[in-house]
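This report describes the helical architecture and the chain contacts of the structure shown below.

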Amino acid sequence: MKQLIKYFSLATLFALSLFVGPAIKAQSLDFAQLIAVDDIAPEERLAKKIELTTDALKKADGRVVDMRTKLEAIKFEDKTPELELRDKLIERTNGYSTFYNDKLAALTAVKSIEEIDLIIDEVIAYREGDYATGAKEILEFTLVYSYTPSVLTLADQRLENIMKDVVRLEGLELIEPNVFVSRTDEAKAILQKAHDLQTQAVTLLMENYTTSLLVTPEVTPLEITLTEVLPVLPLVTPRSLAEQSLAEVKKLYELYIETGNKVGETLGIN
Amino acid sequence: MKEEHIIKQLSTLKSIQPDADFARSARTTILYRSEPKPVRLFGLAQSLSTTLSIGLVVMFFVFIALGGVATMFRTPISPTFQGVDEASLANEAGSINENTDARLSEVAYLSGEKNDRLAMTAPDGDGADTDEEIDLLLTQAKSY
């Protein structure tokens with residue numbers, strides 16, 4: 001009995017060490033880092049701060065370049081509101097790049113920790129304010145006009161290929177005719193719903209853009225959010241519609257995989 | 001005496017003749033028999049080639065019979081049914097799920113939403129870092 005208690009205690013201690021160990025380790029690491037930071041010379045701290053900020057600014061600019069590239073890759077017909085909006089968003093990315101590059105240039109003249117901290121604060125404030133609001137719109141635009149359509153095209157092609165395969169297998173008399181009709185019909189319905197949601201997302205995005213053009217330019221975006229748009233803010237947004245459309249595509253692929261499995265079972269290869 | 005007896009016996013053997021029918025049939029056989037062909041290397045190769053071809057054809061039918069559709073499905077030599085192919089489907093679905101989550105995560109992050117469910121990774125093909133990573137770097141720079 002004593003042996004059993006001994007083993008049980010050891011097992012409990014082992015289990016506890018698994019859960020508590022990493023936390024203690026992390027805390028001790030933080031503590032070690034604090035001691036290390038306190039120990040290092042101000043020049044060294046400054047150099048490290050500049051290094052980290054430079055890295056962050058370069059990556060932030062890289063991110064903006066990536067956004068711009070994606071926007072430029074979306075093609076619209078000339079003189080359409082869509083093209084107009086896209087160009088405005090591209091212009092916005094140019095503004096972000098200018099900001100980040102200006103700050104990168106400012107870093108070269110930094111002489112003290114106070115100065116670098118000031119720059120970091122400015123960058124953080126900019127990213128939390130103007131950048132977050134504007135970049136979110138860019139990402140939504142890309143999501144609605146580029147990513148979701150590409151996924152829908154892929155899903156369309158897949159359904160087409162599945163239906164071709166089913167017809168071929170029926171022709172070879174390897175599967176009974178019309179066995180998969182209900183599945184392909186269901187897939188068609190889901191895909192149609194995904195397309196409809198995408199169409200709604202596009203329409204709403206452009207409606208919102210047209211509405212935003214009517215807003216007086218003196219009002220800042222933050223004030224618009226708080227005073228005017230918030231009370232009439234629709235629950236449905238282009239992003240939420242695109243998200244729903246993509247959720248339908250995910251559901252659709254589950255059905256595709258089930259259909260593939262079923263075909264395999266019918267042919268005896270699963 | 002003995003020798004004379006033997007010679008006499010042998011002379012009687014001279015008179016032995018085949019049956020007329022047998023003689024005719026034997027003559028016919030000899031006259032119309034084809035010349036035996038000499039065994040040459042070419043002949044041997046041809047024979048082997050024919051045997052091999054027949055063997056391969058038999059093997060092929062055995063392969064089809066034993067493997068059937070299942071084997072045809074799994075072998076790359078035959079046109080497979082890519083539309084319903086499980087591996088291809090799973091791969092495509094996985095890629096869509098991952099990229100969709102990453103993209104939605106990016107928008108959610110900038111909207112100030114908590115998105116613990118999603119990994120802090122850039123969508124497939126994006127070389128750029130995520131905003132979350134950039135903000136983390138800035139926080140580190142500030143607190144260093």
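## Chain contact and helix packing

In this predicted model, 50 residues of chain A are in contact with 35 residues of chain B, two residues being in contact if their C-beta atoms, placed from the backbone, lie within 7 Å. Local features need pLDDT of at least 70 and side-chain atom pairs count only at pLDDT 80 or more, whereas totals for chains, interfaces and linings use all residues. Residues are numbered from 1 along each chain as its sequence is written, and chains are lettered from A in the order in which they are written.

Helix 2 (42–73), helix 4 and helix 7 of chain A each supply at least two residues of the side that touches chain B. The largest share, 20 residues, comes from helix 4 of chain A.

Chain A has seven helices and zero strands; helices (H or I, at least four residues) and strands (E, at least two) are DSSP runs, numbered from the N terminus.

The axes of helix 4 (residues 113–171) and helix 7 (residues 238–267) of chain A come within 10 Å and cross at roughly 20°; axes are lines fitted to C-alpha atoms, for helices over the stretch in contact, and angles run from 0 to 180 degrees between N-to-C directions. The two helices of chain A are therefore roughly parallel to each other, a term for angles under 35 degrees.

Definitions and conventions. Angles under 35 degrees count as roughly parallel, over 145 as roughly antiparallel, 65 to 115 as roughly perpendicular and the rest as oblique.
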